[in-house]
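Work through the exercises below with the model open beside you. Try each task before you read its solution.

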Amino acid sequence: MPMRTPIVEFRNFSFRYKSQSEPTLHDINLTIYKGEKVLILGPSGSGKSTLANCINGLNPFSYDGVITGSCKVAGMETKNASIFALSKVVGTVLQDSDAQFVGLSVGEDIAFALENQSVPRKEMLPKVEWAAGVVGMSDFLMHVPYELSGGQKQKVALAGVLHGDVDLLIFDEPLASLDPMMGMTAVELIDRIHKEQNKTVLIVEHRLEDVLHRSVDRIVLMNEGSIVYDGDPDRLLASDLLTRYGIREPLYIKALQYAGCELSSEQKLADIQTVDLSPFEEQLKKQQMMKLEKYVPRLGEEILKVENVTFAYDKDPVLKNISFSVRKGEKIAVVGKNGAGKSTLAKLLCGIVRPREGRVLINGTDYTQYSIKEIGERIGYVMQNPNQMLVKDIIKDEVELAMLLRGKSRAEIDEAVKKTLKMCGLYPMRNWPVSAVSYGQKKRATIASILVLQPEIIILDEPTAGQDFRHYTEIMEFLDELNREYGITILFVTHDMHLAIQYTDRALVFSEGELVADDSVFRVLSNDEVITKANLKQTSLYTLARRLGFEPEAYIEHFINYERMVRVHGKQAAD
Amino acid sequence: MENKLLINLIPGDTFLHRLTGKTKVRTFIVLLIYLIMSFDLRLILPLFILGIIGLKSLKPAWKTLKYFFIIIVAVNLLNIVLFWLADPDIGAYWCGGDNTVLFKLTDRFYLTAETFWYLMVRFIKMITSFMVSVVFILSITPSELAAGLYSIKVPYKICTIFSLAFRYIPDIGRDFQNIKVSLQTRGVELDPKKASLKDRLKQNVLILIPLIISSFDRVANISNAMDLRGYGRGKTRTYYSEHEELKADKAFKVIYVALLLFCAYWIITHNTMPQDFRMWYPFA
């Protein structure tokens, strides 16, 4: 084995942000060697981003803090170096692909680091072209950021840190804002750069299954500021650490566990294509034979009907001849790539924009006669980012705003607000300032501010975007309860196929403004044509079913039914 | 939909577009000095004509421009009418003391040839400076503007403000739209037919709160992204958008340097001889 040179070395390292009284990282000992590809895994608040920021110099140079112990990057002791010195060896691609695009064109953004080093333009041009070529953006040098998709912006960000002597690339939650297909492409690109350019790669993520689409050498699992696992992926997948620390397990691992398989690292669990299934075949077949009570959602009468709706902002239609109907109590996933018309549909259902052709019926009445305000009492819309919705200081004020704006009487308002706050579990904190509560609670507050009008349908835009598994589960269980207990119909606009599988019964798939599928989730997810059109991704269940020789559709349906039973009754009862 | 502003982010391909930011910024500044220094129609008129030619050569979107022109012409017409109302004899002071009355409304309000001349020159001067500015704005990209300002020794951190502002204005606009939509569904009434102006203003303040908070988040991210790519490290910086000087840039350099010298001469001679305060008036 060749000598391995360390590129990052943490020794008894701790870091405390100046604004906090407790350290965020405790006693970290970690070595990353040149040429390695390492995944830093952990739930939100586990310190994984803080760790990455200690390597690239944002900590302590941009976010002030106290370091004890030592962290060496390419031989430099970081606390004695500067963010600039570190940026010469460490390239960081941040999570927010939009905000980090500082140039006015692709070429300019890639050149930004070179400009700052006063590289003459003549030398800059070939370097920019080379970097653009590596990430496959050569044809886009003159494009402005508004013309690019999230995935393309991320490629540009990567190209922007690729040149020069950068040895180590850090990707901070690279998948957070991408749809499934773009996410897969990003993982493949990172893998290619790692191999072809001989760079050391650190990926900070909590979406384990998506990252494992391409192999990683090592996984470092963090929890509450400490490293709880540091080793090869197979052993981690065979252990119970993922569940213990709130990381979503890959679906195929879940399926194996449901079938009662004894997992061990010998089966090379990290890759769905090559995992050794031979010891489990019998169990998996037995599991598949098991008769399950078919899950049939209880549905009420039709409350929303969209008939042949076409809409355009100017010339080109954004929605083309869309028809579907929604029954009371349904949970529907609205999926499709960015720009496919999902958010326009949400706006259209709320009456912000109105159909050019066709009709929208709410409880059988054409909604043209209603104002936006009146529609808001029937269909509520919850935005992705709660910070863009919260306008008041106190939770109670936030929730009562919609009632106040409608000039309701004080008694009426108080009653509705109390009821809503109780529904959302916010009653005990009704007088708390909005800024003092957690993200999940903020999300609840925004949902409460919509529910107070007692709409029959709520539309949620990416309700769990950027959330780790624990928060994801918390938000989704809450929404599921609203649906179960109060019969509220929910439309989820989402990229997350796990969410669609676990929490919805039906999927509306959009592509280029057309509704290309309106079917049960398991049928949509086993339809290749629909998956390609909508930039979705085959789940690993599909691959697993294929490898086992099962019909994917039946297999995914069986998995969903089993999962629902486990969620409602627990695993023992399900068996 | 993103680019409703007149500003180009990607350089166009006409003659003026292809100049470097340095040439554009320097020429513009010299022309402004040239315009401000005098009320001499012999100096202003050539630039007025060149302005029209320059504007046509850029092949702008006339539809959007038209409204700007109408507003500017209207405002300046109002301006000269007010000048006239304030003092019908104002031309005499500029054109050498005579009052040649052309026609008379009342004893107080009459039009003299001198006042007419003065106000006409004033009007042409205003329109010309507007046109020169439009040509400048249409021909330059924000990045070239940053590079051009940097070339006249403006610190690059200030130059960056210009390019960054243009980069993020559309993003903030989009956030604003989103927040507006969500508040409208909650019952905020922004329809002018249904809510009074005062109410609408109040409601718009409601939109500003989340907009400011989400913009702060963005600013933190942007500044991190810039730090991580070494922004602010050196005292100097180069610009990707600033291509090498072409023949046209060199020709422009000769012109603007010559013009600047001429301006210096003009300003010195006209300010050291206070007797010759009058403007050029061919009919004196």
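## Exercise 1: a helix crossing

Task: State the handedness of the crossing of H4(A) and H6(A), then describe its geometry and contact.

Solution. The crossing of H4(A) and H6(A) is right-handed. A crossing counts as right-handed if the near helix is turned clockwise from the far one by less than a right angle, and as left-handed if anticlockwise. Helices here are DSSP runs (H or I, at least four residues), numbered from the N terminus.

Next, the geometry. H4 covers residues 106-116 of chain A and H6 covers residues 150-162 of chain A; their axes come within 7 Å and cross at roughly 35 degrees. Axes are lines fitted to C-alpha atoms over the stretch in contact, with angles from 0 to 180 degrees between N-to-C directions.

Now list the contact. H4(A) contributes A:Val106, A:Asp109, A:Ile110, A:Phe112 and A:Ala113. H6(A) contributes A:Val156, A:Ala159, A:Gly160 and A:Val161. Contact means C-beta atoms, placed from the backbone, within 7 Å. By class, there are 7 nonpolar, 1 polar and 1 charged residues. Ala, Val, Leu, Ile, Met, Phe, Trp, Tyr, Cys and Pro count as nonpolar; Asp, Glu, Lys and Arg as charged; the others, Gly among them, as polar.

Two conventions apply throughout. Residues are numbered from 1 along each chain as its sequence is written, and chains are lettered from A and ligands numbered from 1 in the order in which they are written. This is a predicted model: local features need pLDDT of at least 70, side-chain atom pairs count only at pLDDT 80 or more, and totals for chains, interfaces and linings use all residues.

## Exercise 2: confidence and interface

Task: Report the model scores, then describe the side of chain B that touches chain A.

Solution. The model has ipTM 0.86 and pTM 0.87. Chain B has an average pLDDT (the predictor's confidence in each residue, from 0 to 100) of 88, and 96% of its residues score at least 70.

Turn to the interface. Chain B places 48 residues in contact with 54 residues of chain A. On the chain B side, helices H6 (142-151), H7 (156-186) and H8 (197-228) each supply at least two residues. H7(B) gives the most, with 14 residues. The chain B side divides into 20 nonpolar, 16 polar and 12 charged residues.

## Exercise 3: a covered helix

Task: How many residues of helix H15 (residues 395-405) of chain A are buried, and what do they pack against?

Solution. H15(A) is mostly covered, with 8 of its 11 residues buried. Buried means 20 or more other C-beta atoms within 10 Å of the residue's own; exposed means 12 or fewer; partly exposed lies in between, with C-beta atoms placed from the backbone. Among the buried residues are A:Ile395, A:Lys396 and A:Glu398. They pack against H16 (410-423) and H17 (439-451) of chain A, together with H7 of chain B. After H15(A) comes A:Gly407, with a positive phi near 65 degrees.

Definitions and conventions:
Contact = placed C-beta atoms within 7 Å.
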